[in-house]
Structures are given as C-alpha cells and as structure tokens.
Amino acid sequence: MVNWVERREKLSAENFAKVEKILGVRLPQDYIDWFQQYNAIENRNAHILIDDEPYHFDEFYDLDEIPEEVEAWFEDDEELKETNLLVPFGFDSALNPYCFYYGQKKNILLSSGFHLMKQYQSFLMERN
C-alpha cells in the first residue's frame, strides 16, 4: 500500500497556471488535483502500474523544476519541443523520469520515463 504525504498547504491554481504558461500546454487535471494535495510518498518504496506493469516511483518534481527540466532536454531543438514535448512530473530511484507526452496534437500520454525515453531516442535516431 502506498501512503502519500499530504501538503500542509494546498498549492494554488496559479502555481500550475504559471507552469502551463511557460510550457504552452495544459497539465492533466487529475495530476493537478492530486499534486495540490500530496507532495511525497511516505515509504519511498512505491510502485505504480503502467499497462499492468509495476514501475518504481520515488518522487515528484517540484513545479518550478519542471520547466527547467524541459528546457534542458530541448535546449538545442525548439522544433522538436513544439512537436513532441515531454513534461516530466516525477522520477524513480535511478532518476528515470515519468513524463506526460504531448504529441503533435498536444494529446497527453503517460508512460514510464525509461520506456518513453527509449522511444524518444529511437525517434531522434530516425529523425537524423
């Protein structure tokens, strides 16, 4: 069982709106609702299911870290950022990110960072 640590004070909608404005996308409402209330996993030994596969989840990124991570990943390729944006929201104990993926139509898909990054690397190799 995963025990989530509740925030002492709920994050405001303005905090999320600021990040969304920087990134140019809307974050999923269920993520916003959850992250406003919780900020950590109590025992740091949590697993989440993605496509019925368990993946270790260690920690959320702070909201102000998300745009910084995105900029670091897409530093040299604004065009790719516009068409295949990855937005990290958490990571596992090996620092593999969990991301929201916004494709060309800005639809959101959720995947483990490890598998998503492998797919993304394949995409980059095909592109070059």
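Leaving out residues up to four places away in sequence, Q36 touches R7, E9, K10, L11, S12, A13 and F16, where a contact means heavy atoms within 4.5 Å. This is a predicted model, in which local features need pLDDT of at least 70, side-chain atom pairs count only at pLDDT 80 or more, and totals for chains, interfaces and linings use all residues. Residues are numbered from 1 along each chain as its sequence is written, and side-chain values use heavy atoms, with hydrogens and water left out. Q36 itself sits in helix α2; helices (H or I, at least four residues) and strands (E, at least two) are DSSP runs, numbered from the N terminus. With a relative accessibility of 10%, Q36 counts as buried. Here buried stands for under 20% relative accessible area, exposed for over 50%, and partly exposed for anything in between, using a 1.4 Å probe and protein chains only.

In α1, which covers residues 13-23, the buried residues are F16, V19, E20 and L23. Looking down the axis of α1, these fall within an arc of 100°, so they line one face of the helix; the arc is that of the directions from the helix axis to the C-beta atoms. An α-helix has 3.6 residues a turn, so residues three or four places apart point the same way. On the face of α1 turned away from the buried side, the exposed residues are E14, K18 and K21. The cover over the buried residues of α1 includes α2 (29-37), α3 (65-73) and β6 (85-91). After the helix comes G24, with a positive phi near 80°.

F16 turns up again in the largest nonpolar core, which has 31 residues; F16, L27, Y31, L63, I66 and V87 are those with the most contacts inside it. Such a core is a set of buried Ala, Val, Leu, Ile, Met, Phe, Trp, Tyr and Cys residues joined through side-chain atoms within 4.5 Å. The elements giving two or more residues to this core are α1, α2, β3, β4, α3, β6 and β7. L27, setting aside neighbours within four places in sequence, is in contact with F16, V19, E20, I32, V87 and Y102.

Next come the strands. W4 lies in strand β1, residues 4-6, and is partly exposed, with a relative accessible area of 24%. Beyond its neighbours within four places in sequence, W4 is in contact with W34, Y38, A40, I41, F57 and F60. W4 and N39 are 35 residues apart in sequence, yet 7.4 Å apart in space, C-alpha to C-alpha.

Strands β3 (residues 46-50) and β4 (residues 53-57) run antiparallel and are joined by five bridges; two strands pair if DSSP finds at least two bridges between them. I50 has E53 in β4 as its bridge partner. The hairpin has two residues between the strands, and there D51 takes a positive phi near 50°. D52, in the loop between β3 and β4, also has a positive phi, near 65°, in a residue other than glycine. At 70% relative accessibility, D52 counts as exposed. L95, in the loop between β6 and β7 (97-102), has a positive phi of about 65° although it is not a glycine. L95 is exposed too, with a relative accessible area of 61%.
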